[in-house]
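My notes follow in the order I took them.

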Amino acid sequence: MGATTLMFLGGAGTVTGSKYLVEVDTDAGLRRILVDAGMFQGVKRLRLLNWSDFPVPPSSITDVLVTHAHMDHTGYLPRLVKNGFSGSIWGTDATLALAEIVLRDSAFLQERDADFANAHGFSRHAVAQPLYRIGDVERTLPLMRSVEFDRPLDLGDGVEATWTRAGHILGSASIRVATPDGAILFSGDLGRASHPVLRPREVPEGADVLLIESTYGDREHMDPEGPAHEAFASAINEAVSSGGSVLVPAFAVDRTEVVLLALDEMVAEGRIPSLPVYVDSPMALASLSIYRARGQAGELNPQARGLTMPHLEVHEVRGVEESKALNSLGRSAIIISASGMATGGRVLHHLERMLPDPRHCVVLTGYQAVGTRGRALADGATSLRMHGMEVAVRARIVRDEEFSVHGDGSDLTQWAAALEPRPSRVFCVHGEESALAALAGRLSKELGVESVAAEPGQRVDVGAISASRG
Ligand SMILES: [Zn+2]
């Protein structure tokens, strides 16, 4: 029997850049399979890692298995293709549909940022380069092959992969990879036990080795004592009464859908006035139409009523001119725009305009990675650097953590405890240091299984762990 090893190439010791390399020793040589190909985001030290040489030649990888469409799980795919990968990229239908819009947007933003830096002399290099271009995305898309939930995919050499619903964003999954030496379960990003828009996560078959996400491993989401999203509702009411508007930086995929649904319910319940809602992100609109199509195919939570939002006056903002016209609306409105951590996208020009004015309010709807403008706002920054300028922060900043699409410490522990068979070793990934340590400690204690925070670059002998089970 050959050996199977697992290597942590990203998402270890940090939240972003998820990349896990599985190497299976076969008669025909080493078989290399990558699980997720995420981009590093946030502080510069991490972003620079996207430019490092890949630890193995990308051309030697036969398959990439993708858990879900978010940038920090798919954003590196075009770079991998640019550097020689030509195998298959496997994911659920919805994941591949969403990944296409995520990757096109990513290439667009990178090309634009490189052009902007070149035009204004920002780059430290003679000529700023994008990590990849739209042409690299065009060469990535034809490699994508869709899989069904719960139906094992035979990858050859005795390797089989199975996707199980993870309830995080549309199409999201945990992936179990069975090899001749033992099995590895990748949790992917896990939603809470229920999700307002999606069908709930399910419990996959257990494995010898478990990798579990830890984003909120050290936290417990507070279930609201009163009505849902009360801080959000009162922020809207306050802004309206002072003649201001509300800006919601939202992750284009999933968060926009969840925010719209929550607003629709608030209007229906008479908690906020019916005011116009502008969705100002081509990517969010593309995602919304994919969600709606999946709703018609019965893929969504029936409570979401196919995301029709009958009580809401939703305006879909497509062009750049329409987006700029929002600067002079002359009435209170809600603007939903990407990106969710204000790292780029149209939300920046809204922030530049709205942050200095105390009548306005900015509502942060999700996890804000260290080093992002969203995190700075959440931490109470009094000014923000944008496009080479300092912008004063006088608008009200509200965090609505009820929008989280990640399970908390208890959610994650419950999910892991339900696995059959129970893992022999747990590696906590996709978290900042304190979250990783907290979840590892909790799982060790509550599951009675050796659980540690994965180290970047660490190599794990899966066969040895499997054999130790006896
Ligand atoms: Zn995610």
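Predicted model: local features only at pLDDT ≥ 70, side-chain atom pairs only at ≥ 80, totals over all residues.

Residues are numbered from 1 along each chain as its sequence is written, and side-chain values use heavy atoms, with hydrogens and water left out.

I found aspartate 150 in the loop between strand 6 (144-147) and strand 7 (153-156). Its phi is positive, about 65°, although aspartate 150 is not a glycine. Aspartate 150 has 46% relative accessibility, so I put it down as partly exposed (buried is under 20% relative accessible area, exposed over 50%, partly exposed in between; 1.4 Å probe, protein chains only). Alanine 342 also has a positive phi, about 55°, but at 2% relative accessibility it counts as buried. Alanine 342 sits in the loop between strand 15 and helix 10. Serine 339 is in the loop between strand 15 (334-337) and helix 10 (347-354), and the peptide bond from alanine 338 to serine 339 is cis, with omega near 10°. I noted another cis bond between glutamate 420 and proline 421, with omega about -5°.

**Zinc site.** Which residues hold the zinc ion? I get His68 (NE2), His70 (ND1), His168 (NE2) and Asp189 (OD) as protein donors, 2.2 to 2.4 Å from the ion. Donors here are N, O and S atoms within 2.8 Å of the metal (3.2 Å for Na, K and Ca); water is not among the atoms, so sites may look incomplete. Histidine 68 is in the loop between strand 4 (61-65) and helix 2 (71-74), and histidine 168 in the loop between strand 8 (159-165) and strand 9 (173-179), so the pair ties together parts 100 residues apart in sequence. Histidine 68 is buried at 0% relative accessibility, and histidine 168 is buried at 0% too.

**Aspartate 72.** I placed aspartate 72 in helix 2; with a relative accessible area of 9%, it is buried. Beyond its neighbours within four places in sequence, aspartate 72 has contacts (heavy atoms within 4.5 Å) that include Val15, Thr16, Gln41 and His430.

**Helix pair.** I also checked helix 6 and helix 7: Phe232, Ala233 and Ile236 in helix 6 meet Val259, Leu263 and Met266 in helix 7.

Definitions and conventions:
Helix = DSSP H or I, 4+ residues; strand = E, 2+ residues; numbered from the N terminus.
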